[in-house]
Amino acid sequence: MEEAGADRARLGCLGFTLSVPFPSPLEAQIAHGSLAPDPEPRKGGISKELTVTENFLHVCWKADEARVLRVSISSFLDHLSLVIQTMEMFGPPVPR
Amino acid sequence: MPAVTVLGLEGSANKVGTGLVRDGQVLSNPRRTFVPAPGQGFLPGQTARHHQGCVLALLQEALQEAGLESADVDCVAYTKGPGMGAPLVTVAVVARTLAQLWNKPLLGVNHCVGHIEMGRLITGAQNPTVLYVSGGNTQVIAYSERRYRIFGETIDIAVGNCLDRFARVLKISNDPSPGYNIEQMAKKGQKLVELPYTVKGMDVSFSGILSHIEEVAHKMLASGECTPEDLCFSLQETLFAMLVEITERAMAHCGSQEALIVGGVGCNMRLQEMMQIMCAERGAKLFATDERFCIDNGAMIAQAGWEMFRTGQVTQLEDSWITQRYRTDEVEVTWRD
């Protein structure tokens, strides 16, 4: 079991991707700016990459264990929801 | 120079607050507290969810009370650390979103520096020796050459954590705060129960006192040797005597004539009274604030942010990550001589 786990860990075999549409490219960029700065815990066996194309925010996870992946996605969704609520209440963004 | 208005967001522990400060004036400072059931502490996940549920309403409240609109805000300040990770991220995410929506600069503030600057603003203390006492921190601080230098600190748990956990042992209510309820009960204490007194040079240790009282409390209460009120009284007297001792030593070392108490435990009137006696004996002046500004709040982050902003500091988004560990002396104090 231990060795199988270690092999799987090296592969980072679990993945998850998410694409979130925003009303405009600027809002997608803002969401990226709000959600990208905090890194995943260093020893967590998980990586998360955020990118923006047009008005979409894309998030791509790679993880060794489902448990860690679930925690990361769940907290990301909480923060995403908070960003969207903040935009609804205090937006739209001032024109640049 | 035109007036500078800073919005501050705080949420590093179980309080979440938003405050607006304009050139030394607190325009609004609403706050909500997550209160766990008696016998329980606040955990990061549930505290973060509490903050998620009220931070946006608090922001609206702050703006309304100040009579301001988003366009009137010049800068958005938030707590970068130290504190609990999940609650810190929650508030930082909102701060980043606001700064970007409004196209205003963002400023990551050290929570401890926030307490110090708020205390200086409210009391007018010029160059005090600072006793910073809360649920997460216990430090004696003095300013020298662009740093708030830590003269002494706890080597294990914070004084407020010791009080909070003692409250859990006796199942004292956490509403409005365990420390407040201990303070009220202590007023009825008659007997001083001897507890370990653990000052180590300039530092203090509280975990041994807590273990001791955890071990003996129920036995002593069951045998009628003392009352819960006696225990509250004895714990406060012992902990606060230790704090007064290290503060006095720092003042003697610095030749300081001012002492300032900040942090949530700082609104304890018995602590203020004991510090006042020490200060009077030294011919020094004591400065303290009430619960509005002692306990974590948004305005303290706005005020420290205001000081940083006027000396040209801003935090780029990519550098805006939160940090659970962030020592007071890591910050370069660019706004003082």
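Let's start in a loop: B:Pro82 sits between strand E5 (75-81) and helix H2 of chain B. Keep in mind as you explore that this is a predicted model. The peptide bond leading from B:Gly81 into B:Pro82 is cis, and its omega is near -5°. Chain A has a cis bond as well, running from A:Gly91 to A:Pro92 with omega near -5°. You can find A:Pro92 in the segment that comes after helix H3 (66-90) of chain A.

Another spot to look at in chain B is B:Asp23. This residue is not a glycine, yet it has a positive phi of about 45°. To locate B:Asp23, go to the loop that links strand E2 (15-22) with strand E3 (25-28) of chain B.

## Where the two chains meet

Now turn to the place where the chains touch. On one side are 21 residues of chain B, and they are in contact with 22 residues of chain A. The size of an interface is often given as the accessible area lost when the parts come together. For chain B and chain A, about 1900 Å² is buried between them, with 66% of it on carbon and sulfur atoms. Three residues stand out here: B:Leu56, B:Gln100 and B:Leu101 supply 34% of the area that chain B buries against chain A, more than any other three residues.

What about charged and polar pairs? One salt bridge is counted between chain B and chain A. Its partners are A:Asp38 and B:Arg96, whose closest N and O atoms are 2.9 Å apart. On the side of chain B that touches chain A, helix H1 (44-66) and helix H2 (85-102) each supply at least two residues. Helix H2 of chain B gives the most, with ten residues. Sorted by type, the residues on this side of chain B are 13 nonpolar, seven polar and one charged.

## A pair of helices in chain B

Further along chain B, look for helix H7 (residues 228-254) and helix H8 (residues 269-282). Two packed helices are described by the angle between their axes and the distance between the axes. Here the axes of H7(B) and H8(B) come within 10 Å and cross at roughly 35°. The crossing of H7(B) past H8(B) is right-handed.

Which residues bring H7(B) and H8(B) together? From H7(B), the residues in contact include B:Phe240, B:Leu243, B:Val244 and B:Met251. They belong to a set that meets residues of H8(B), among them B:Leu271, B:Met274, B:Met275 and B:Met278. Across this contact, the residues divide into eleven nonpolar, two polar and four charged.

Definitions and conventions: Residues are numbered from 1 along each chain as its sequence is written. Chains are lettered from A and ligands numbered from 1 in the order in which they are written. This is a predicted model: local features need pLDDT of at least 70, side-chain atom pairs count only at pLDDT 80 or more; totals for chains, interfaces and linings use all residues. Side-chain values use heavy atoms; hydrogens and water are left out. Axes are lines fitted to C-alpha atoms, for helices over the stretch in contact, and angles run from 0 to 180 degrees between N-to-C directions. Helices (H or I, at least four residues) and strands (E, at least two) are DSSP runs, numbered from the N terminus. A crossing is left-handed if the near helix is turned anticlockwise from the far one by less than a right angle, and right-handed if clockwise. Contact means heavy atoms within 4.5 Å. Ala, Val, Leu, Ile, Met, Phe, Trp, Tyr, Cys and Pro count as nonpolar, Asp, Glu, Lys and Arg as charged, and the others, Gly among them, as polar. Buried area is the accessible area (1.4 Å probe) that two parts lose on being put together, summed over both. A salt bridge is a side-chain nitrogen of Lys or Arg within 4 Å of a carboxyl oxygen of Asp or Glu.
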